[in-house]
Amino acid sequence: MLLLIQNAIGIAPSGSISDLVASTVSDDEITLIWTDIVDTSVTGYLIARDGVDVGRVKVGEETFTDNRLNPSTNYTYTIEAYNAYGSVVSNADSAITSTGT
């Protein structure tokens with residue numbers, strides 16, 4: 001039971017997401033691409049835009065498209081890996097980009 005409680009409240013990050021790239025697709029759409037973390041406890045990734053959660057993807061899905069954005073606007077994206085308990089198990093990676101005009 002102690003192990004379950006430890007995992008539920010989080011453990012020290014065990015790896016880092018790398019190579020996060022944010023690319024402008026159009027004036028209201030940005031796509032993120034990254035390299036999967038090598039950690040068997042990871043079940044998915046949490047994506048935040050300017051500090052607000054905007055999506056989750058499963059392990060193996062190394063892309064995320066954010067749309068309905070404002071044209072000519074800068075955005076900062078952060079991605080973190082999480083485990084089956086919802087605890088963050090990675091160091092965050094971030095990227096800054098802007099939508100087209």
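This is a predicted model: local features need pLDDT of at least 70, side-chain atom pairs count only at pLDDT 80 or more; totals for chains, interfaces and linings use all residues.
## Ground rules and confidence

Residues are numbered from 1 along each chain as its sequence is written, and side-chain values use heavy atoms, with hydrogens and water left out.

The pLDDT is the predictor's confidence in each residue, on a scale from 0 to 100. For the protein chain it averages 81, and 84% of the residues score at least 70. Over residues 1–13, though, the pLDDT is below 50.

## The chain as a whole

Helices (H or I, at least four residues) and strands (E, at least two) are DSSP runs, numbered from the N terminus. By that count the protein chain has one helix and seven strands, and the pattern along the sequence reads α-β-β-β-β-β-β-β. Contacts between residues 24 or more positions apart make up 60% of those with a separation of 6 or more.

Burial goes by relative accessible area: under 20% is buried, over 50% is exposed, and anything in between is partly exposed (1.4 Å probe, protein chains only). Of the 101 residues in the protein chain, 36% count as buried. The accessible surface comes to about 5,800 Å², and 51% of that belongs to carbon and sulfur atoms. These areas come from the Shrake-Rupley method with a 1.4 Å probe; for residues, only the protein chains shown count as cover.

Two strands pair if DSSP finds at least two bridges between them. Three strands form an open sheet in the order 1-2-5, with antiparallel pairing. Strand 1 (18–26) and strand 5 (63–67) are the edge strands, each pairing on one side only. The twist averages 20° from one strand to the next; axes here are lines fitted to C-alpha atoms (for helices, over the stretch in contact), and angles run from 0 to 180 degrees between N-to-C directions.

Strand 1 connects to strand 2 by a hairpin of two residues, and the two strands pair in the antiparallel sense over six bridges. Threonine 24 sits opposite isoleucine 30 in strand 2, and valine 21 has isoleucine 33 as its bridge partner there. On to the other pairing: strand 2 and strand 5 are antiparallel too, over five bridges. In strand 5, aspartate 66 is the bridge partner of isoleucine 30.

## Threonine 31, in strand 2

Threonine 31 belongs to strand 2 (residues 29–35). Its relative accessible area is 17%, so threonine 31 is buried. Set aside its neighbours within four places in sequence, and threonine 31 is in contact with Val21, Ala22, Ser23, Val25, Phe64 and Thr65.

One of these gets a closer look: the side chain of threonine 31 makes a polar contact with the side chain of threonine 65, at 3.2 Å. A polar contact is a pair of N or O atoms within 3.5 Å; within protein, one must be able to donate a hydrogen and the other to accept it, and residues adjacent in sequence count only if both atoms are side-chain atoms.

Strand 3 (residues 42–49) and strand 6 (residues 74–83) run antiparallel and are joined by seven bridges. Valine 42 stands opposite asparagine 83 in strand 6. Strand 6 also pairs with strand 7 in the antiparallel sense, over six bridges, with tyrosine 77 opposite alanine 95 in strand 7.

## Serine 94, in strand 7

Serine 94 is found in strand 7 (residues 93–98). With a relative accessible area of 44%, serine 94 is partly exposed. Leaving out neighbours within four places in sequence, serine 94 is in contact with Leu20, Tyr77 and Thr78.

Methods:
Contact means heavy atoms within 4.5 Å.
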